[in-house]
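Trainee: Could you help me learn how to read the charges and the helices in a structure like this one?

Mentor: Gladly, let's look at it together.

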Amino acid sequence: MTGWFETTDSTDEEIMAATYRALCAHGYAGTTISRIGEEFEKSQSLLYYHYDDKDDLLADFLAYLLDRLEADLQDTEMTEPRQRLTALFEKLAPSDPDEAQRQFFQALLEMRAQTPHNPAYRDQFERSDALIVAELTETIEAGIEQGTFVEVDADRTAAFLYSTLYGTLDRCVTLGEWELFDQTRRELDRYVETTLLADVAED
C-alpha cells in the first residue's frame, strides 16, 4: 500500500500522499487540513482550493485508495486460485506490518467508526467491502471451476473469510496485539488446506 504514495508530479496524487502521511502521523482525530498541509510540498492554498474541509478530503482519499486497490487487483498476474487467495490474505492482513502500516490501519478504523454519521465515508467503505468480497468470491469460484477447491457456497465463504480478516484487524488495532495477524493467517491457511482444497478433501 505504501507504494501507492510515491513521489509524483500530479497535484491530486501529492495531496493523497500528504493525507496518507498525516493520517499515519496523527490518526484520524488528529488529522486536520493544516496538518495535511504540513505534509504537502506545494502551497497549502491548493488544499483549500480543492477542499472545503477535512471530511471532503478524506472521502476523496478513501475513493483514491479503492481505485488503486481495484487497479492493483486487476493488474496482478497471479491466476492460480490457491496462490491468489494467499496473496489476497497477505494484502488484507500483512504478516508483519511496519509502524506506518499499523498507524494507517488505526486511522482507517477510526474513519470507519464515523460511517453512521458520514454518508460519504459509508459509501466508500461499502464499496470497499463489496470489492474485496467480490474478489474473494471470484477467486473461490475460479478454484471450484478448475477443480482446485471443493464445491462450496463461494459468496458465503468469501464473506466468512473477509469477516475473519476484518475482525482480526479490529482486534489488532484496538488491543495492539499485532501478532494476531500471524495467528489468523495460519488458521486461514489451515482452513483452506483442510476444507477448500479438493485433493485434501478427496483423501
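Mentor: We start with a definition: helices and strands are DSSP runs, numbered from the N terminus. Keep in mind that this is a predicted model.

Trainee: How many helices and strands are there in the protein?

Mentor: The protein has 10 helices and 0 strands. Its C-alpha trace spans about 65 × 35 × 30 Å along the principal axes.

Trainee: Now the charges. How many positive and negative side chains does the protein have?

Mentor: Lys and Arg count as positive, Asp and Glu as negative. Here there are 17 positive and 44 negative side chains, and the centres of the two sets lie 4 Å apart.

Trainee: Which residues form the negative surface patch?

Mentor: Asp-12, Glu-13, Asp-52, Asp-53, Asp-55, Asp-56 and Asp-60 form that patch. Two elements, α1 (11-30) and α4 (54-75), each give two or more residues to the patch. The largest share, 3 residues, comes from α4.

Trainee: Is Glu-13 buried, exposed or partly exposed?

Mentor: Buried means under 20% relative accessible area, and exposed means over 50%. Glu-13, which sits in helix α1, has a relative accessible area of 31%, so Glu-13 is partly exposed.

Trainee: And Glu-135, why does that residue count as buried?

Mentor: Glu-135 counts as buried because its relative accessibility is 11%. Glu-135 lies in helix α7 (residues 119-146). Leaving out residues up to four places away in sequence, Glu-135 touches Leu-73, Arg-84 and Leu-88.

Trainee: How much of the protein is buried?

Mentor: Of the 203 residues in the protein, 44% are buried.

Methods
Residues are numbered from 1 along each chain as its sequence is written. This is a predicted model: local features need pLDDT of at least 70, side-chain atom pairs count only at pLDDT 80 or more; totals for chains, interfaces and linings use all residues. Side-chain values use heavy atoms; hydrogens and water are left out. Helices (H or I, at least four residues) and strands (E, at least two) are DSSP runs, numbered from the N terminus. Buried means under 20% relative accessible area, exposed over 50%, partly exposed in between (1.4 Å probe, protein chains only). Contact means heavy atoms within 4.5 Å. Patches are made of residues with over 30% relative accessible area and no salt bridge: like charges are joined within 9 Å, nonpolar side chains (Val, Leu, Ile, Met, Phe, Trp, Tyr) within 5 Å. Accessible areas come from the Shrake-Rupley method with a 1.4 Å probe; for residues, only the protein chains shown count as cover. A salt bridge is a side-chain nitrogen of Lys or Arg within 4 Å of a carboxyl oxygen of Asp or Glu. The place of a charge is taken as NZ of Lys, CZ of Arg, CG of Asp or CD of Glu.
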